Amino acid sequence: MRRADRLFLIINALRGRRTALRARQLAETLGVSLRTVYRDVADLQLSGVPIEGEAGVGYVLRKGSDIPPLMFTADELESLVVGTRFVRAFAGAKLAEGAQTALMKIEAVLPPELRERSARTRIYAPVWRDEHKLAFAARIDRLHAAIEACQVLQLAYRDEAGSVSTREVEPLCLAFWGGKWTLGAWCRLREDFRNFRPDRIDEFAETGEVFDELDGRNLDAYLLAMRGYYAGMD
């Protein structure tokens, strides 16, 4: 976790509290050492954040310095919690970490009754990552990075029959279909849009070429083509 994110979470964990929050509890929540919490709190105090208390006693924000919490309905909060759980379970490691940090920030500023509601949410997406799943998560992260950077990729791709072909593609998006990911891309071999399953990509590499999203072969055109394709299947 970035230090800036950690300092934000410390401040928000103290908001609206009537009793002191012990440093050990902060350390457990943030996944850091007590020494790190003591140092961060001292730095916040030196920068002018009105935190009162000391090591071994606990910390509170000075009375009158609090600001109103974020306002969510119970249903809105449950949607955020469930969405975060699914991202943690099925997305790449980078997005999973970002989702968890975002939820921690949200929960830090919630009133107690809504914070308790988030803990009681009974829709789960269990996180179970063996060596294969960790490797797949890393692959999703690489594909995501290539999409963001508009990097042309070269794929060794297996079709449903097991035949392998080499494709050069312009990656446009990743989609999760309730159990399977697909990479939406412009395929230079077929000169058309294609969906590639990451679990059927034997290997891939960034070519070093950056592509421009041209009219007719950009993300908007891909989504329009997919809507037409699936509408025709009804």
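Two residues are said to be in contact when heavy atoms of theirs lie within 4.5 Å. In this predicted model, Arg 6 touches Met 1, Leu 30, Val 32, Thr 36 and Asp 40 in that sense, not counting residues up to four places away in sequence. The chain has eight helices and seven strands. Its radius of gyration is 23 Å, well over the 17 Å that the globule rule gives for 234 residues, so the chain is more spread out than a compact globule.

**The chain as a whole**

- Along its principal axes, the C-alpha trace of the chain spans about 65 × 40 × 35 Å, and 35% of the 234 residues count as buried.
- The accessible surface of the chain comes to about 14,200 Å², and carbon and sulfur atoms account for 53% of it.
- When contacts between residues at least 6 apart in sequence are considered, 61% of them join residues that are at least 24 apart.

**Helix 3 and what covers it**

- Helix 3 takes in 13 residues, 34-46, which at 1.5 Å a residue should span 18 Å, and this agrees with the 18 Å that separates its end C-alpha atoms.
- The buried residues of helix 3 are Thr 36, Val 37, Asp 40, Val 41 and Leu 44; seen down the helix axis they fall within an arc of 130°, so they line one face of the helix.
- An α-helix has 3.6 residues a turn, so residues three or four places apart point the same way.
- The exposed residues Arg 35 and Leu 46 are carried on the face of helix 3 that is turned away from its buried side.
- The cover over the buried residues of helix 3 includes helix 1 (3-14), helix 2 (23-30), strand 1 (51-54) and strand 2 (58-61).
- Helix 3 is followed by Gly 48, which has a positive phi near 105°.

- Arg 6 has its place in helix 1, and because its relative accessible area is 10%, where under 20% means buried, Arg 6 counts as buried.
- Thr 36 and Asp 40, which are among the residues that Arg 6 touches, are also among the buried residues of helix 3.
- The C-alpha atoms of Arg 6 and Arg 167 are separated by 43 Å, and these two residues are 161 residues apart along the chain.
- Ala 20 is found in the loop between helix 1 and helix 2, and at 34% relative accessibility Ala 20 counts as partly exposed.
- With neighbours within four places in sequence left aside, Ala 20 is in contact with Val 57, Gly 58, Tyr 59 and Val 60.
- Ala 20 and Ala 185 are 53 Å apart in space, C-alpha to C-alpha, and 165 residues apart in sequence.

**Strand pairs and their hairpins**

- Strand 1 and strand 2 run antiparallel and are joined by four bridges, with Gly 53 standing opposite Tyr 59 in strand 2.
- The hairpin of strand 1 and strand 2 has three residues between the strands, and Gly 56 takes a positive phi near 90° there.
- Strand 3 (residues 151-158) pairs with strand 4 (residues 164-176) in the antiparallel sense over six bridges, and Leu 153 stands opposite Val 169 in strand 4.
- Five residues lie between strand 3 and strand 4 in their hairpin, where Gly 162 in the turn has a positive phi of about 95°.
- Strand 4 also pairs with strand 5 (residues 181-187) in the antiparallel sense, over seven bridges, and the bridge partner of Glu 170 in strand 5 is Trp 186.
- In the hairpin of strand 4 and strand 5, four residues lie between the strands, and Gly 178 takes a positive phi near 60°.

Technical notes
Residues numbered from 1 in each chain as written. Predicted model: local features only at pLDDT ≥ 70, side-chain atom pairs only at ≥ 80, totals over all residues. Heavy atoms only, no water. Helix = DSSP H or I, 4+ residues; strand = E, 2+ residues; numbered from the N terminus. Expected span 1.5 Å × (residues − 1). Buried < 20%, exposed > 50% of the residue type's maximum accessible area, 1.4 Å probe, protein only. Arc of directions from axis to C-beta. Rg over C-alpha atoms; globule rule 2.2 N^0.38 Å. Areas by Shrake-Rupley, 256 points an atom, 1.4 Å probe, with all protein chains shown as cover. Pairing = 2+ DSSP bridges.
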